[in-house]
Amino acid sequence: MSEQRVPAETDPGRGGLDLRADCANCFALCCVALAFTASADFAVDKDAGQPCGNLLPDFRCGVHARLRPEGYQGCTVYDCFGAGQRISQVTYAGQDWRSAPQTARQMFALLPVVRQLHELLRYLTEALELEPARPLHADLRGALTRIERLAQGSPDEILALDVAAHRQEVNVLLLRTSELVRAGALGAAGGAAGRGARAGKGRGAGRRGGAKKNRRGADLIGANLKGADLYGADLRGAYLIGADLRGADLRVADLIGADLRDADLSGADLTGSFFLTQAQLNAAKGDAGTGLPPALTRPSHW
């Protein structure tokens, strides 16, 4: 749903894994498998397993160029993390659900499961790119190998998985990764601030190194955080819906699972933030002055 004909994101360090939706190689699974509810995100109701009314015979979207004006904003912020093309081209070897309708129900049921596995792969891959997490790299690589092996299973094997248990195991590693990355950044910032203070500079900057910035799961809906110092903050799962984050310093912030729907990131600095996904950015507002991690793309609607 996020985009049509989007090139797959590949990286040699990922072992050739495609961890971004490649709609050209998917049989529009999200346009059928998922349910819609008429709301600010979708123009109509749609039951799970029912093809979207905009789906064309060739699996393209008939209103792709006009999704937001047509009331399908939700489609622009969905990312299967490459699960769609894996199911379509690997699990089912290119056999689509229209030509083989007996596969449809199982194929649609696989999407949310494989999506969760690919989401874990995406976070583990990013964690392996974070230098401060080097002490955990062996454990992270082992977890990535295990999750990838699960995603390679047969449809029956995948549907029988206890995904919640695997998520919990990976989450422990991601939490430890976050602590290492943020502690290193805050320590370095605190040290620099201390040196600056001794030299008569950096007035007030010492707060950054010593302050606790645990906003995990915080209710910050509509919060006024304009220009806020959130450097190295833990914003895992924070509710930032409609928050004013204009000009905020979000460098080296952990944003895994943070709800950024309609949050205003204009002029904010997210360079070095981690566990941030393209879908989160697509759900937010921003401008040309928003600093982004290099792996992510500025949304076209900003």
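In helix H5, the buried residues are His137, Leu140, Ala143, Leu144, Ile147, Glu148 and Ala151. They lie on the same side of H5, because the arc they cover around the axis is only 130 degrees. On the other side of H5, Ala138 and Arg149 are exposed. The model is predicted, with a mean pLDDT of 89 for the chain.

**Helix H5**
- H5 runs over residues 137-151 and has 15 residues.
- From the first C-alpha to the last, H5 reaches 21 Å, close to the 21 Å expected at 1.5 Å a residue.
- An α-helix has 3.6 residues a turn, so residues three or four places apart point the same way.

**Salt bridges**
- Side chains of opposite charge can pair when their charged atoms come close.
- The whole structure holds 15 salt bridges according to the search.
- One of them joins glutamate 119 to arginine 115, with 3.8 Å between the closest N and O atoms.
- Both glutamate 119 and arginine 115 belong to helix H4 (residues 104-128), where they are four residues apart, about one turn of the helix.
- Glutamate 119 counts as buried because its relative accessible area is 13%, under the 20% cut-off.
- Arginine 115, at 21% relative accessibility, is partly exposed.
- A second salt bridge is formed by the side chains of lysine 213 and aspartate 229, at 3.0 Å from N to O.
- Lysine 213 and aspartate 229 both lie in the loop between helix H8 (206-210) and helix H9 (278-283), so the pair ties together parts that are 16 residues apart in sequence.
- Lysine 213 is buried at 12% relative accessible area, whereas aspartate 229 is partly exposed at 36%.
- Arginine 236 pairs with aspartate 254 in a further salt bridge, the closest N and O atoms being 3.3 Å apart.
- This pair links distant parts of the chain, 18 residues apart, with arginine 236 and aspartate 254 each in the loop between H8 and H9.
- Arginine 236 and aspartate 254 are both buried.

- In soluble globular proteins, nonpolar side chains tend to be buried together.
- The largest nonpolar core in this model has 33 residues, and Leu29, Ile87, Trp97, Phe108 and Leu111 have the most contacts inside it.
- Helix H1 (30-33), helix H3 (83-91) and H4 are the elements that give two or more residues to this core.
- H4 supplies the largest share of the core, seven residues.
- Leaving out residues up to four places away in sequence, leucine 29 touches Leu34, Gly84, Ile87, Ser88, Trp97, Met107, Phe108 and Leu111.

**Threonine 277**
- Threonine 277 is placed in the loop between H8 and H9.
- Its relative accessibility is 5%, so threonine 277 counts as buried.
- Apart from neighbours within four places in sequence, threonine 277 contacts Phe81, Arg122, Tyr123 and Leu296.

**Confidence**
- A pLDDT of 70 or more is reached by 86% of the residues of the chain.
- Over residues 1-16 the pLDDT stays under 50, and the model has 45 contacts beyond four places in sequence for this stretch.
- Residues 194-207 also have pLDDT below 50, with four contacts in the model beyond near neighbours in sequence.
- Where pLDDT is low, the predicted coordinates should not be read in detail.

Note on methods:
Residues are numbered from 1 along each chain as its sequence is written. This is a predicted model: local features need pLDDT of at least 70, side-chain atom pairs count only at pLDDT 80 or more; totals for chains, interfaces and linings use all residues. Side-chain values use heavy atoms; hydrogens and water are left out. A salt bridge is a side-chain nitrogen of Lys or Arg within 4 Å of a carboxyl oxygen of Asp or Glu. Buried means under 20% relative accessible area, exposed over 50%, partly exposed in between (1.4 Å probe, protein chains only). A nonpolar core is a set of buried Ala, Val, Leu, Ile, Met, Phe, Trp, Tyr and Cys residues joined through side-chain atoms within 4.5 Å. Contact means heavy atoms within 4.5 Å. pLDDT is the predictor's confidence in each residue, from 0 to 100. The expected span of a helix is 1.5 Å times one less than its number of residues. The arc is that of the directions from the helix axis to the C-beta atoms.
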